[in-house]
Amino acid sequence: MISDLTPTQFNDLAEILFPDVKEGVDAYEAKFPERNIDGAPVTRFCPSPTGVMHIGGVFAALISDRIAHAHPKGVFYLRIEDTDQGRKIEEAYDGIYSAMRSFDVQVNEGIDGKGSYGPYVQSERLDIYRAFTKELVRLGHAYPCFSTPEELDEIRKKQEALKLRPGYYGTWAVGRKNSFADITKNISEKKPYVIRLLSRGSDKNQRKYNDLIKGEITVTENDQDSVLIKSDGFPTYHLAHVVDDHLMKTTLVLRGDEWVSSLPLHLELFAAFGWSVPSYAHIAPILKQDGVGRRKLSKRKDPEAAVSYYVDQGYPTDAVIEYLLNIANSDFEPWRAANLILPNSKFPLRLEKMSKSGALFDLKKLDDVSKNIVGRMSADEVYQHVRVWSQTRDTELHDLFGKDEVYTRAVLNIERGGTTTRKDIGKWNDVREAVGYFFDDVYADLKSKLDIATTLPASVTVEQCKALLSEYAGVYDANLDKVTWFEKLKEFAGAHGFAKDTKEFKADPSKFKGSVGDIAMLLRLALTTKTKTPDLHETMKVMGVDRVSARLKGFIA
RNA sequence: GGCCCUAUCGUCUAACGGCUAGGACGAGAGCUUUUCAAGCUCUAAACCAGGGUUCGAUUCCCUGUAGGGUCACCA
């Protein structure tokens, strides 16, 4: 005997518990008909507004989006799960919406007022949950439970003492034993209560379930009378998930694999309602190395867990997306190499190729992916991105880039657009370091800290260097092509006792003050204050003869 | 602890039961008409352990070990 209550009593109970629920479940079923989408997948992303957006959330959203949109009529929607009134944070709602907008996932419903299967925020669906819970009570699948937290605690302690499985199940589910009279009395006395599932399952029954990522998994039947409606009237995740995904016609539930263990409960709930069950795909979490062990990327401990980190650092969204795609399906990289110009949305993502266990987040790899993406961008694209990024994050750089647009674009265009790709910029945060010296104010600042003697060949004095620089300023001709320019530079080197080429120098270093490479390095350092810069010839060309001349002569006081 | 899941270079991973276990990032060495980057060449680097099935096991099965998840009126 599962419950002492008769069907009639359950029916009465439903009315007593939910007297105000007028809209029957049939009305809701009629309101949300099957979608006319030719069997296309319907997926969703369901974050809770409890803090900053997590990179793992973007990962789940990305995969859900790509799987749905592999089909022309596929639907991917956003649903906000704010049933925990204690943990919710008002700002988090906007954080979710803006993250969805800035990472280019295509959200069809649940954002910007789109979609006709809403509301897409759970706190606005309370009447729906009440109607369906009423139905569950009426069917004898749920009951009110008046057990206090203290009583539940006591039950658990007894179970622990007896080395039994903890939980509210079977004979331990004392709320099941309440008579109809007890229940009505408690209600009339306004005792607080929750609504629990009246589970018909047994932990002795196991069966196989095919998860689209994990493959075949063993599920043990649920036998816990889990809470469906909390005492504050809000549903738990479990009830809300089942009702919403049924009503919104979800065909594939993609979620973190921490949910695998509650799959039996969800299966029982779908069965209790008599509904078909969606497919499930449980995603392994993104991990972080922590000492010897590894753990989930944590919002509190790891700055890179928050999506805002990538936006603030100035990673192009495509870089983050492609890195994540690569974690999802490792054959993304070869695909990208073979399809250089296709948007990554064309990549055929496969759930069954996803890893069953969590991957360690690798910032180095992200940087590499990002450098390749930035390297493929045109100077104009880089310019635009930096302008937008720097506006709120580096106003000095923003002003610098705004001052002389033509010059700045020329700077960014060095060694770009040809067959080679520069890989010195991976994120907009790198730009200041990479090209700042092109701007006179930044150069002046850097020069004041520069000790030109540090990289000199031992054979030359600082004064001789300064003289060389000054003299070269007089002979530099900005109109020469690269080959001729370098020929002239070699002659210049030779005229001052330096070897014209490296081999000659290496053959007998004692014969020279240095090689043409040393002259080039001296020029580079004087012009840029850096030892690592793009091609010197192009750099000088972009700087222009006046600037080059001024900088080279600037070392003589 | 119970239950579930996972296990290949440092990292992400590939390999119908069958060649010297492949690639990428990272590390190291080298090449080049100037530095760095890029590019090219090369090097080091892995099948968790033990049984079984099999002509043959990284792959299938069992056990162990390790790691992860979960056991809430949180999601």
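## Packing of helices H22 and H23

In this predicted model, helix H22 (residues 516-528) and helix H23 (residues 536-543) have axes that come within 11 Å and cross at roughly 35°. The crossing of H22 and H23 is left-handed.

On the H22 side, the contact is made by Ala520, Leu523, Arg524, Leu527 and Thr528; H23 contributes Leu536, Thr539, Met540 and Met543. By class, the residues of this contact comprise 6 nonpolar, 2 polar and 1 charged.

Chain A is divided into four parts: domain 1 (7-27 + 126-283), domain 2 (293-375), domain 3 (377-436) and domain 4 (450-553). Taken over C-alpha atoms, the centres of domain 2 and domain 3 are separated by 23 Å.

Contact between these two domains involves 11 residues of domain 2 and 13 residues of domain 3. On the side of domain 2 that touches domain 3, the elements giving two or more residues are helix H10 (307-313) and helix H13 (363-376). H13 supplies the largest share of that side, 6 residues. The class composition of the side of domain 2 that touches domain 3 is 3 nonpolar, 5 polar and 3 charged residues.

## Surroundings of RNA strand B

RNA strand B is surrounded by 66 residues. The closest are Glu81, Ser330, Ser355, Ser357 and Ala359. The surface near RNA strand B divides into 19 nonpolar, 24 polar and 23 charged residues.

Definitions and conventions:
Residues are numbered from 1 along each chain as its sequence is written. Chains are lettered from A and ligands numbered from 1 in the order in which they are written. This is a predicted model: local features need pLDDT of at least 70, side-chain atom pairs count only at pLDDT 80 or more; totals for chains, interfaces and linings use all residues. Domain bounds come from an automatic or database domain assignment. Two residues are in contact if their C-beta atoms, placed from the backbone, lie within 7 Å. Helices (H or I, at least four residues) and strands (E, at least two) are DSSP runs, numbered from the N terminus. Ala, Val, Leu, Ile, Met, Phe, Trp, Tyr, Cys and Pro count as nonpolar, Asp, Glu, Lys and Arg as charged, and the others, Gly among them, as polar. A residue is near a molecule or strand if its C-beta atom, placed from the backbone, lies within 6 Å of it. Axes are lines fitted to C-alpha atoms, for helices over the stretch in contact, and angles run from 0 to 180 degrees between N-to-C directions. A crossing is left-handed if the near helix is turned anticlockwise from the far one by less than a right angle, and right-handed if clockwise.
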